[in-house]
Amino acid sequence: MKRGDIIEGTIEKISFPCKGSFIYNGEEVTVKNVLPGAKVKCRIKKRKTGLTEAMLLETLEDSPLAKLRPMCPHFYECGGCMYQDVEYDEQLRLKEDIVKRLIDNAVREGGYDYEWEGIFSSPEQFNYRNKMEYTFGDAYKDGPLTVGLHRQGSNYDIITTNGCTLVKPAWNKILEYTEKFFREKDVSFYRTMQHTGILRNLVIRESHVDGRILMNLVTTTKRDISSESGLPKKGTMTEYMNRRNEIYDELCLDEYVAGLVKMSDNDELSTLQFHNSISGILYTENDSFSDTVQSDHTQVLYGDDYLVEEILGLRFRISPFSFFQTNSKGCEVLYSKAREYAFTALAEENGGRTGVIYDLYSGTGTIAQLMSAVAEKVIGIEIVEEAVRAAKENAKLNGIKNCEFIAGDVFKKLDEVEEKPDLIILDPPRDGINPKALDKIISYGVKNIIYISCKPTSLARDIRIFQKNGYRVVKGCAIDEFPNTVHVECVTLLQRMSNTREKTITLDVEMEDYHRIKNRTEVAADATE
């Protein structure tokens with residue numbers, strides 16, 4: 001085989017996230033976005049020792065698991081819901097198998113057993129998302145303006161997803177209105193390669209408690225880039241304000257907002273199943289080069305700049321840029337399990353209570369406040385300042401006085417905290433824990449660590465590092481927070497063995513192991529012995 005060759009094969013197994021593999025001429029070939037049992041045609045795109053990757057060209061025969069007719073009209077071109085044609089019980093089985101195989105392989109290297117509790121389902125399988133970031137673009141080169149999600153396998157094509165079944169029907173009405181409005185106004189969209197254009201993103205959030213919707217329209221303020229410096233041509237403040245006013249006029253923001261408010265007031269966003277209304281409309285300027293939604297400046301065009309959500313009896317104000325689990329009901333399953341693991345560990349050690357709990361990567365402080373009843377103090381650290389402000393407000397809202405929230409990078413801020421932890425809860429970003437932060441976390445030598453992860457390969461990698469430092473996985477489970485998609489959450493309880501040394505490996509070795517294990521875990525995520 002060589003790069004560019006077109007081959008055929010039948011998918012024998014899958015690994016996270018929906019990466020299938022089959023044997024061809026004695027070599028394992030991996031291809032993304034396939035199901036077990038599907039016969040595929042693909043093109044070799046990368047080949048090196050121990051790794052051959054191919055790009056899917058055509059599904060010649062469907063997987064035996066693909067028994068259902070997808071509910072979503074965008075299923076075949078969007079790719080966001082890879083499992084929507086698979087019965088839900090089978091989706092759970094697939095995800096559980098992927099997660100358990102990864103953890104089993106990591107634990108096997110440590111030479112011990114652990115308790116696996118299986119996978120827990122989401123209370124809702126459709127219309128469950130409470131947040132979506134839509135992108136403005138075109139479905140094909142020089143096509144009409146669209147707002148929606150990326151076409152499967154494309155970094156540029158945007159398809160209108162006004163029939164999406166993961167969100168509430170009201171969101172699809174908002175998408176239709178927004179696309180029609182800006183098409184008629186002939187407003188340009190931001191082109192990532194040329195760094196020109198205005199419209200970037202439309203972010204919609206919704207409270208599961210009352211159905212209130214918070215919208216955020218994100219645009220640029222610039223029209224071109226200096227080819228010499230590669231920086232935005234911002235000029236003087238007067239020039240900047242003139243350009244801002246010009247874009248305001250081009251966007252017709254007053255008219256856009258008035259149309260949305262009218263839809264809300266006339267109850268056009270409600271259905272027999274859901275009662276929705278718009279509680280706030282925001283406008284955000286973002287002149288960064290990256291595709292991430294961030295704020296250079298945000299203002300309220302209408303209503304409030306937050307939503308209120310309720311999780312396990314506590315209420316939380318959700319601000320525009322705060323992290324919050326995207327499945328509110330599924331989130332309750334996840335946090336209940338994490339709290340159960342913590343309570344079990346504390347009951348064994350300290351009669352059900354403890355001194356200081358660290359909630360690292362704490363977001364809007366949900367986990368910290370759920371743990372506050374069994375701790376003298378909970379300290380949350382989160383890099384997003386807006387989320388920290390929201391966490392502090394949430395603690396006041398819930399009458400909780402023993403939570404402290406700190407804004408900053410976990411690695412840097414840990415050195416500034418005087419109180420040492422008795423238990424640590426981790427809920428890091430998808431790529432897991434920075435190796436330097438991981439070294440500091442291990443150095444505390446706490447008995448129990450609760451690790452929540454939305455990327456099983458990152459969890460498996462970090463488990464190996466914890467094991468090298470005397471920790472063991474005691475129990476674990478998966479939670480399906482993302483029905484019909486390839487994604488899944490995991491929770492594990494790790495405990496430090498009493499006969500281990502205070503510190504078993506140095507940071508230099510830790511870093512070396514981190515990157516070696518990271519590569520091995522991601523290349524051979526589905527390896528079995």
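Which residue forms a salt bridge with E115? Keep that question in mind while you set up the view, and note that this is a predicted model, in which local features need pLDDT of at least 70, side-chain atom pairs count only at pLDDT 80 or more, and totals for chains, interfaces and linings use all residues. Residues are numbered from 1 along each chain as its sequence is written, and side-chain values use heavy atoms, with hydrogens and water left out.

**Stop one: E115 and its partner**

Select E115 together with K475, because these two form a salt bridge (a side-chain nitrogen of Lys or Arg within 4 Å of a carboxyl oxygen of Asp or Glu), with the closest N and O atoms 4.0 Å apart. E115 lies in strand β7 (residues 115-120) and K475 in strand β22 (residues 471-479), so the pair ties together parts that are 360 residues apart in sequence. Strands here are DSSP runs of E with at least two residues, helices are DSSP runs of H or I with at least four residues, and both are numbered from the N terminus. E115 is partly exposed at a relative accessible area of 43%, whereas K475 counts as buried at 11%; buried means under 20% relative accessible area, exposed means over 50%, and partly exposed lies in between, using a 1.4 Å probe and protein chains only.

The structure holds 26 salt bridges, and one of them brings together the side chains of R151 and E77, at 3.2 Å from N to O. R151 is in the loop between β9 (145-150) and β10 (158-160), while E77 belongs to helix α1 (residues 75-78), so this pair ties together parts that are 74 residues apart in sequence. R151 is partly exposed at 25% relative accessibility, and E77 is partly exposed at 32%.

**Stop three: backbone details**

Most residues other than glycine have a negative phi, and most peptide bonds are trans. With that in mind, select F16 and P17, which are joined by a cis peptide bond with omega of about -5°; P17 lies in the loop between β2 (13-15) and β3 (19-24). Next select N33, which is not a glycine and yet has a positive phi of about 60°. N33 sits in the loop between β4 (27-32) and β5 (39-48) and is partly exposed, with a relative accessible area of 29%. H195, also a residue other than glycine, has a positive phi near 60°; look for H195 in the loop between α3 (169-184) and β11 (199-206), where this residue counts as buried at 17% relative accessibility.

**Stop four: a nonpolar patch on the surface**

Show the surface and select I6, M55 and L57, which form a nonpolar patch with about 260 Å² of accessible area together. Such a patch is made of residues with over 30% relative accessible area and no salt bridge, with nonpolar side chains (Val, Leu, Ile, Met, Phe, Trp, Tyr) joined within 5 Å; the areas come from the Shrake-Rupley method with a 1.4 Å probe, and for residues only the protein chains shown count as cover. M55 is found in strand β6 (residues 51-61) and is partly exposed at 40% relative accessible area.

Terms used: Patches are made of residues with over 30% relative accessible area and no salt bridge: like charges are joined within 9 Å, nonpolar side chains (Val, Leu, Ile, Met, Phe, Trp, Tyr) within 5 Å.
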